[in-house]
Amino acid sequence: MTDAAAAPEPDGESRFRRFRNAEHLVARRRPLDALKELEPLLDDEQDKPSVQLLAGRAYFHSAQLRRAERAFTRVLELDPTDHYARFVLGRTLQRLGRLAEALAQLRMASAMNPVPEYLEAISEVRARITLSDH
């Protein structure tokens, strides 16, 4: 029997503590440590948008862009109205060089919640598209 198989299932309080610790680690720019903290939650709670969103942010900040894309896409499958998930998916697609897809996600995020950060991201992606067309 492996150590992983012998490890007890995390209870609700333990899962909550892990999630909060991971949030703190992402905020402190320690995404790899955050992902270690989230690992048991990702196994147990694949369909929790909050866990997927936090994992996506950690993946994004550790340049694991394909994993970030999958996590943000999963959030949107579970909650299509999450404007922040659309925004960070757009930023992820932008970093992957998929500018048209990024622009579409950023426009949807901005339509849902027209905050300056979203509008600035749209302008940035539009400018990159214009430059690549020339």
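Ser-50 counts as partly exposed, because its relative accessibility is 40%; the class lies between buried, under 20% relative accessible area, and exposed, over 50% (1.4 Å probe, protein chains only). Ser-50 sits in helix 4, where helices (H or I, at least four residues) and strands (E, at least two) are DSSP runs numbered from the N terminus. From C-alpha to C-alpha, Ser-50 lies 20 Å from Leu-93, and the two are 43 residues apart in sequence.

This is a predicted model, in which local features need pLDDT of at least 70 and side-chain atom pairs count only at pLDDT 80 or more, while totals for chains, interfaces and linings use all residues. Residues are numbered from 1 along each chain as its sequence is written, and side-chain values use heavy atoms, with hydrogens and water left out.

**The chain as a whole**

- The chain has eight helices and zero strands, and its pattern along the sequence is α-α-α-α-α-α-α-α.
- The C-alpha trace spans about 60 × 25 × 25 Å along its principal axes.
- Of the 134 residues in the chain, 39% are buried.
- Among contacts in the chain with a separation of 6 or more, 47% are between residues 24 or more positions apart; a contact means heavy atoms within 4.5 Å.

**The largest nonpolar core**

- The largest nonpolar core contains 36 residues; such a core is a set of buried Ala, Val, Leu, Ile, Met, Phe, Trp, Tyr and Cys residues joined through side-chain atoms within 4.5 Å.
- Leu-38, Tyr-59, Phe-72 and Phe-87 have the most contacts inside this core.
- At least two residues of this core come from each of helix 2 (12-27), helix 3 (31-44), helix 4 (49-61), helix 5 (65-78), helix 6 (83-95), helix 7 (99-112) and helix 8 (116-133).
- Helix 4 gives the most to this core, with seven residues.
- Tyr-59 is in contact with Leu-35, Leu-42, Gln-64, Arg-67, Ala-68 and Ala-71, leaving aside neighbours within four places in sequence.

**Helix 3 and helix 4**

- The axes of helix 3 and helix 4 come within 9 Å and cross at roughly 150°; axes are lines fitted to C-alpha atoms, for helices over the stretch in contact, and angles run from 0 to 180 degrees between N-to-C directions.
- Helix 3 and helix 4 are therefore roughly antiparallel to each other; angles over 145 degrees count as roughly antiparallel, under 35 as roughly parallel, 65 to 115 as roughly perpendicular and the rest as oblique.
- The crossing of helix 3 and helix 4 is left-handed, a term for a near helix turned anticlockwise from the far one by less than a right angle, with right-handed used if clockwise.
- On the helix 3 side, Pro-31, Ala-34, Leu-35, Leu-38, Leu-41 and Leu-42 meet Val-51, Gln-52, Leu-54, Ala-55, Ala-58, Tyr-59 and His-61 of helix 4.
- The contact of helix 3 with helix 4 has 11 nonpolar, two polar and no charged residues; Ala, Val, Leu, Ile, Met, Phe, Trp, Tyr, Cys and Pro count as nonpolar, Asp, Glu, Lys and Arg as charged, and the others, Gly among them, as polar.

**Helix 8 and its partners**

- Helix 6 and helix 8 pack at an angle of about 25°, their axes 11 Å apart, and are therefore roughly parallel to each other.
- The crossing of helix 6 and helix 8 is left-handed.
- In this contact, helix 6 contributes His-83, Tyr-84, Phe-87, Arg-91 and Gln-94, and helix 8 contributes Glu-117, Tyr-118, Ala-121, Glu-124, Val-125 and Arg-128.
- By class, the contact of helix 6 with helix 8 divides into five nonpolar, two polar and four charged residues.
- Helix 7 and helix 8 pack at about 160°, with axes 9 Å apart, which makes helix 7 roughly antiparallel to helix 8.
- The contact of helix 7 with helix 8 has 11 nonpolar, one polar and three charged residues.

**Two buried residues**

- Gln-94 lies in helix 6 and counts as buried, at 5% relative accessibility.
- Not counting residues up to four places away in sequence, Gln-94 touches Leu-99, Ala-102, Glu-124, Val-125 and Arg-128.
- Val-26 lies in helix 2 and is buried, with a relative accessible area of 7%.
- Val-26 is in contact with Ala-34, Leu-54, Arg-57, Ala-58 and His-61, leaving aside neighbours within four places in sequence.
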